[in-house]
Amino acid sequence: QLFIASRWPQGAEERDSMANRLRLLKLVDPPGFPVDSWEYLAGFFDAEGCIIIPPTCPGVRLEIGQKHPSILLSIFSWLVKAWPTYTPHFRSVRNGRAYWLVVSKTAISRFILERLIDSGLLQKRRAAEVALYVEDSNHVLSRQRLTSIVGNQARYQRLDADGCARARQILRLQVRLHGLRKAQGTTTEAQNLHAEIENLQQQHASLTALATLCSLRVDIRQMLRQGAWRSTRCSGRDRP
């Protein structure tokens, strides 16, 4: 695809032909390139990777999503060779229309980030450095720093500090409920705990939606102050 783009023709018919060829290439899973160096992986992760600090714990998760699986399977094989005792998660989503490779264990994620930094990670270097030093005492601050680095990506899906606290509380109760059921504790206690969790989850969903709405309002007001304008036109189906 890069070869075609670098030799883009001048004639209209030739351009149409090349455009059709590019569209066809995007529909086909290209042959998997063997990942044989951390430098290659650093460049690929710089463009396609995602660094996540979960809201419930001071951990690190790495994700790479692609439309086709071949390159992810090559990266999967490389990571298994680099750390034989750990197997990354590979899954398809949206009925096989996309694929994700996920490293969810914090120790492995940090190992990978260290290697990527040493191998020339550039665009995501600052985010990687934040993730390497996250711990319980700076968990919320690290998430905020990571947010400021990655910008508006998934902005309205992120939990604020209060949301993280609620999520951690729910997780603690879920772990307690799981242990209670595993130990075959009293049915009444388990039912009460389950009801408490459901109530907290409902509150969490409502408060998270409210926080998202507040963030959206703040952003809209800022855009209006910067010169954005509100359209007074309405769509055809909304017209009287």
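Predicted model: local features only at pLDDT ≥ 70, side-chain atom pairs only at ≥ 80, totals over all residues.
Reader: Which residues line the largest cavity, and which elements give two or more residues to its lining?

Author: The lining of the largest cavity is made by L41, F45, L62, E63, I64, I75, L79, L101, V103, I112 and L116. Two or more of its residues come from each of helix 3 (38–48), strand 2 (61–66), helix 4 (70–82), strand 4 (98–103) and helix 5 (106–118), and the largest share, three residues, is that of strand 2. Divided by class, this lining has 10 nonpolar residues, no polar ones and one charged; since Glu counts as charged, E63 is a charged residue of the lining.

Reader: What makes the lining of the second largest cavity nonpolar, polar or charged by class?

Author: L79, A82, W83, Y86, P88, I108, F111 and I112 line the second largest cavity. Leu, Ala, Trp, Tyr, Pro, Ile and Phe are counted as nonpolar, and the tally for this lining is therefore eight nonpolar, no polar and no charged residues. Helix 4 and helix 5 each supply at least two residues of the lining, and helix 5 gives the most, with three.

Reader: Why is the contact of R61 with E63 called a salt bridge?

Author: The closest N and O atoms of R61 and E63 are 2.9 Å apart, and the rule asks for a side-chain nitrogen of Lys or Arg within 4 Å of a carboxyl oxygen of Asp or Glu, so the pair qualifies as a salt bridge. By this rule the count comes to four salt bridges.

Reader: Are R61 and E63 buried or partly exposed, and how do you know?

Author: Buried means under 20% relative accessible area, and partly exposed lies between that and the 50% above which a residue is exposed. E63 has 12% relative accessibility and therefore counts as buried, whereas R61, at 24%, counts as partly exposed.

Reader: Where do E129 and R125 lie, and what makes them a salt bridge?

Author: Both E129 and R125 lie in helix 6 (residues 125–132), four residues apart, about one turn of the helix. Their side chains meet at 3.4 Å, N to O, and since the cut-off is within 4 Å, they form a salt bridge. E129 is partly exposed because its relative accessible area is 34%, and R125 is partly exposed because its value is 33%.

Reader: Which parts of the chain does the salt bridge of R176 and E189 link, and how do you know that the pair counts?

Author: The side chains of R176 and E189 meet at 3.8 Å, N to O, and this is within the 4 Å of the rule, so the pair counts as a salt bridge. The pair links distant parts of the chain, with R176 in helix 8 (residues 161–182) and E189 in helix 9, 13 residues apart.

Notes:
Residues numbered from 1 in each chain as written. Heavy atoms only, no water. 1 Å grid on protein atoms, 1.4 Å probe; cavity = no way out; pocket = protein on both sides within 12 Å on 5 of 7 lines; lining within 4 Å. Buried < 20%, exposed > 50% of the residue type's maximum accessible area, 1.4 Å probe, protein only.
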